[in-house]
Amino acid sequence: MASTSSARRPPPPVSRTDFVRDAIKDSILSGEFGPGETLVEAEVGALLGVSKTPVREALRILAGSGLVTMSTYKGAAVRVMDAESAHAVYDLRALLEPEAVRRAVESGADFGEARQVLADVETGANAADRGKASLTNRLFHRALYSGCGNPLLVEILDGLRDQAALITVTGWGISPTWRGEAAEHRAILTAAESGNARQAEHLLRKHITDFIDRVAGGLPEEHSTETKGAR
């Protein structure tokens, strides 16, 4: 049993690898590092004030989560989402996320966090640019489904969040509709808070499928086997 002093001990500091991973991830999901951009270990390390070793480890982790591709000849680069991959991610979202939100509504989950995210957007607490909008979008959607009562379902949806966000920020570069989507978010939240589970489910599914239908035509065709297999 832990002593009182050890129980009060602060958590260990974030490792350099975790720090670099989070920094690169945030830059990718905000659009600072664009699709296809090469991530040179020495340059990223210099930017973050670390050696190449934690950068190399972080890039391997991000490759495993689908945000970075690794090539023997070209090194690491931000993943370019092709139309087929984007459809696969959004198809899975459309199957699982509306169901999770329906369950959250039916279980009487608290949507206060989702309401606060929208309030921050509407009052200008989050800048109205593509990068900020992408990060806010992720927070809002998670706040909707996190109360579904099934930890495994939440874990699966969390696992899709990064790839979905990469598609989102890429899609908004094709069709900058994030401001208009705020109205869709408000409608979904209104249905959820009023206890209308089926309406919230329907509106969220439409929100997801409408987005991929809008942007899919502007995404590149399927990439080569080498690039896809290097994730």
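This is a predicted model: local features need pLDDT of at least 70, side-chain atom pairs count only at pLDDT 80 or more; totals for chains, interfaces and linings use all residues.

User: What does the secondary structure of the protein chain come to?

Analyst: The chain comes to 11 helices and two strands, and, read along the sequence, these elements follow the pattern α-α-α-α-β-β-α-α-α-α-α-α-α. Of the 231 residues, 42% are buried, and among contacts with a separation of 6 or more, 76% join residues 24 or more positions apart.

User: How are two packed helices described?

Analyst: In general, the description uses the angle between the two axes together with the distance between those axes. Here, helix α3 (residues 41–48) packs with helix α4 (residues 52–64) at about 110°, their axes being 8 Å apart. Since angles from 65 to 115 degrees count as roughly perpendicular, α3 and α4 are therefore roughly perpendicular to each other, and their crossing is right-handed. On the α3 side the contact is made by Glu41, Ala42, Val44 and Gly45, and on the α4 side by Lys52, Val55, Arg56 and Leu59; by class, this contact has four nonpolar, one polar and three charged residues.

User: At what angle do the axes of α5 and α8 cross?

Analyst: The axes of helix α5 (residues 83–106) and α8 cross at roughly 135° and come within 10 Å, which makes α5 oblique to α8. This crossing of α5 and α8 is left-handed. The residues in contact include Val89, Tyr90, Arg93 and Leu96 of α5, and Leu160, Ala164, Ile167 and Thr168 of α8; by class, the contact of α5 with α8 has 12 nonpolar, two polar and two charged residues.

User: Which residues have the most contacts inside the largest nonpolar core?

Analyst: That core has 58 residues, and those with the most contacts inside it are Ile24, Ile28, Leu39, Val68, Tyr90, Leu144 and Ile167. To take one of them, Ile28 touches Phe33, Leu67, Val68, Val78, Leu166 and Val169, leaving aside residues up to four places away in sequence.

User: Is Thr168 buried or exposed?

Analyst: Buried is the term for a relative accessible area under 20%, and Thr168 has 3%, so Thr168 is buried. Thr168 lies in helix α8 (residues 151–174) and, not counting residues up to four places away in sequence, touches Tyr90, Asn137 and Phe211. Sequence separation and spatial distance can also be read side by side: Thr168 and Gly31 are 137 residues apart in sequence and 10.0 Å apart in space, C-alpha to C-alpha.

Terms used. Residues are numbered from 1 along each chain as its sequence is written. Side-chain values use heavy atoms; hydrogens and water are left out. A nonpolar core is a set of buried Ala, Val, Leu, Ile, Met, Phe, Trp, Tyr and Cys residues joined through side-chain atoms within 4.5 Å. Buried means under 20% relative accessible area, exposed over 50%, partly exposed in between (1.4 Å probe, protein chains only). Contact means heavy atoms within 4.5 Å. Axes are lines fitted to C-alpha atoms, for helices over the stretch in contact, and angles run from 0 to 180 degrees between N-to-C directions. Helices (H or I, at least four residues) and strands (E, at least two) are DSSP runs, numbered from the N terminus. Angles under 35 degrees count as roughly parallel, over 145 as roughly antiparallel, 65 to 115 as roughly perpendicular and the rest as oblique. A crossing is left-handed if the near helix is turned anticlockwise from the far one by less than a right angle, and right-handed if clockwise. Ala, Val, Leu, Ile, Met, Phe, Trp, Tyr, Cys and Pro count as nonpolar, Asp, Glu, Lys and Arg as charged, and the others, Gly among them, as polar.
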